[in-house]
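Here is a brisk report on one protein model. Look over the sequence and the structure first, then read on.

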Amino acid sequence: MKVCKTKANKLDPSMIERIIQFDKVNMKEILEAEKLPFDESKRRENFVKNDTLIIVEEDAGEIIGYVEYGPSQNEPDSYYIVSIQIAKDYRNSFTVIANLLYHAKNDLELKGFKKLTCNVHSKNTNAIRMYKKLGFEVCSIPGNDNILRAVVESSIIESRFIKFLENRFCNKN
């Protein structure tokens, strides 16, 4: 597996198109459930104008997940996850999301940030389960029944990731 990190507005145009196609496939269920369109041109425009970072993970040349994040506008000590997408075949695996968030955590700590935050759709039970497994505290947003807020201290991501690696790769006797 290969992981690359860059500023979203510095992405190669072919990578932007690959991510957009990846999004169309992987966001289809939630968009259809909410009767929302997928706006390719807006997504393309956001990559060009956003001053966010993006980490893309690939396996055999295919995108299997990415996280796009940047400093929070509302919380000075936090990074906000703008978008995180995991390929359907990898959603039940903790590996991809843990790896992406671990790389993001390292980046935010280097810049002096302490927390990672995101919003998640209340019907996205797989994502909620994964966030909780990673140590995120998931809570409701007053006045919004469809979106939940997830927050985690960077040190918790570190300990959960290490525990995951130990469980996965160390021989227990």
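Strands β3 and β4 run antiparallel and are joined by seven bridges. Two strands count as paired if DSSP finds at least two bridges between them. Helices (H or I, at least four residues) and strands (E, at least two) are DSSP runs, numbered from the N terminus. The model is predicted: local features need pLDDT of at least 70, side-chain atom pairs count only at pLDDT 80 or more, and totals for chains, interfaces and linings use all residues. Residues are numbered from 1 along each chain as its sequence is written, and side-chain values use heavy atoms, with hydrogens and water left out.

β3 also pairs with β2, in the antiparallel sense, over seven bridges. The table lists one bridge partner from each pairing.

| Residue | Opposite residue | Pairing |
|---|---|---|
| Ile 54 | Glu 68 | β2 with β3 |

A hairpin of six residues links β3 to β4. The β2 and β3 hairpin has two residues between the strands, and there Ala 60 takes a positive phi near 55 degrees. Eight of the 10 residues of β3 are buried, so β3 is largely enclosed by the rest of the structure. Buried means under 20% relative accessible area, exposed over 50%, and partly exposed in between (1.4 Å probe, protein chains only).

Now helix α1. Its buried residues are Met 15, Ile 16, Ile 19, Ile 20, Phe 22, Asp 23 and Asn 26. They cover an arc of only 160 degrees around the axis, which puts them on the same side of α1. The arc is that of the directions from the helix axis to the C-beta atoms. Pro 13 and Val 25, on the other side of α1, are exposed. The buried residues pack against α2 (28-33), α3 (40-49), β2 (53-59), β3 (62-71) and β4 (78-86).

Which residues does Asn 26 contact, leaving aside its neighbours within four places in sequence? They are Gln 85, Ile 86, Ala 87, Lys 88 and Arg 91. Contact means heavy atoms within 4.5 Å. A polar atom of the Asn 26 side chain lies 3.1 Å from the backbone nitrogen of Lys 88. Asn 26 counts as buried, at 12% relative accessibility. Glu 32, in helix α2, is exposed, with a relative accessible area of 53%.

Finally, confidence. pLDDT is the predictor's confidence in each residue, from 0 to 100. The protein averages 84, and 92% of the residues score at least 70. Among its elements, β2 has the highest mean pLDDT (93) and helix α6 (residues 154-169) the lowest (68).

How values were computed: Polar contact = N/O pair within 3.5 Å; in protein donor to acceptor, adjacent residues only side chain to side chain.
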